[in-house]
Amino acid sequence: MNIFIGSSSQQPYRLAENRLGWPQVKRLDALLSEPIPIHGRGNFPTLSVQPRQIVQVVRSSLEDQGLRVHSVRLHGSAASHVLHPESGLGYKDLDLVFQVDLHSEASFQLTKAVVLACLLDFLPAGVSRAKITPLTLKEAYVQKLVKVCTDTDRWSLISLSNKSGKNVELKFVDSVRRQFEFSVDSFQIILDSLLLFGQCSSTPMSEAFHPTVTGESLYGDFADALEHLRHRVIATRSDHHCSSSPFLMSRH
């Protein structure tokens, strides 16, 4: 699929947001409820995990241990898919962003320890947990570990293995200069209200009764970024201005 990299008018960065419509909220709820396999190496069994489950378990455990989670967001191509699945771009990884305060090495270590501990909880019934250590779980289920700690960037990433390439990526962010490459990947959907609704409401969601869910575009203008997504225009932005390149590219 060929996509023209188009230009945009120059404008300063500003965080733009928009309320999701009912069809988008339904797609988001379905995406968070669909079990995703986390494949184990060697003899370790495959874990079947709903994204909403792992978010709730990780968030609860972090806050129980004193690390406040300010918000949880769906980021990147999965968020773009929720907003406009007809784009044809699809999505690969499931990027879940936890906004937290990472002021110390202990905070970084806590996020890793909590994720590994929750993997233990998701092991199938009948699997002996007695001799399974955090290091064992890391070797069995973690595809990638990243830690960035500089004056401007403080974040970590834990990517959980999936043989089809649709990895569950848990990103813990204190600060980061840039979280997107193209406008169509700049969307973040705040999950807090939907997750709370699922925990507290006994009434199923409907068009007349569902939580308010907000999406944001880090590109700077939600409407512009959504138009790029709808028309398959890939726009980039430097720290000071939008830019374009006069060639075709292919996204898979």
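This is a predicted model: local features need pLDDT of at least 70, side-chain atom pairs count only at pLDDT 80 or more; totals for chains, interfaces and linings use all residues.

The secondary structure of the protein chain comes to seven helices and 14 strands, and of its 252 residues, 50% are buried. If we take the contacts with a separation of 6 or more, 70% of them are between residues 24 or more positions apart.

Let us turn to helix α5, which covers residues 134–141, and ask which of its residues are buried. They are L137, A140 and Y141, and because they cover an arc of only 70° around the axis, they sit on the same side of α5. What do the buried residues of α5 pack against? Their partners are the strands β3 (36–38), β4 (47–49), β7 (142–149) and β8 (154–160), together with the helix α4 (105–121).

A search of the whole structure finds seven salt bridges, and I would like to walk through some of them.

In one of them, the side chains of E63 and R59 meet with an N to O distance of 3.8 Å. These two residues are four apart in helix α2, residues 51–64, and so they are separated by about one helical turn. Are they buried or exposed, or something in between? E63 counts as partly exposed because its relative accessibility is 36%, whereas R59, at 19%, counts as buried, since the cut-off for buried is under 20%.

R59 has another partner, for its side chain also meets that of D192 in a salt bridge, at 2.7 Å from N to O. This pair links distant parts of the chain, with D192 in helix α6 (residues 192–200) and R59 in helix α2, 133 residues apart.

A further salt bridge is formed by R73 and E216, whose closest N and O atoms are 2.7 Å apart. R73 lies in strand β5 (residues 69–75) and E216 in strand β11 (residues 214–217), so this pair ties together parts that are 143 residues apart in sequence. R73 counts as buried at 9% relative accessibility, and E216 is buried as well, with a relative accessible area of 7%.

Among the cysteines, C118 counts as buried at 2% relative accessibility, while C149, at 43%, counts as partly exposed.

Next, please find strand β9, residues 168–175, which is mostly covered, with six of its eight residues buried. Which way do its neighbours run, parallel or antiparallel to it? Strand β6, residues 94–100, runs parallel to β9 and is joined to it by six bridges, and within this pairing L96 stands opposite L170 in β9. Strand β8, by contrast, runs antiparallel to β9, with seven bridges joining the two, and here L157 stands opposite K171 in β9.

Finally, let us look at D153, whose place is in the loop between β7 and β8. Although D153 is in a loop, this residue is buried, with a relative accessible area of 7%. What does D153 touch, once residues up to four places away in sequence are not counted? The answer is V148, S175, V176 and R177. For R177, the C-alpha to C-alpha distance from D153 is 6.4 Å in space, and the two residues are 24 apart in sequence.

That is where I will stop, and I am happy to go back to any of these places in the model.

How values were computed: Residues are numbered from 1 along each chain as its sequence is written. Side-chain values use heavy atoms; hydrogens and water are left out. Buried means under 20% relative accessible area, exposed over 50%, partly exposed in between (1.4 Å probe, protein chains only). The arc is that of the directions from the helix axis to the C-beta atoms. Contact means heavy atoms within 4.5 Å. A salt bridge is a side-chain nitrogen of Lys or Arg within 4 Å of a carboxyl oxygen of Asp or Glu. Two strands pair if DSSP finds at least two bridges between them.
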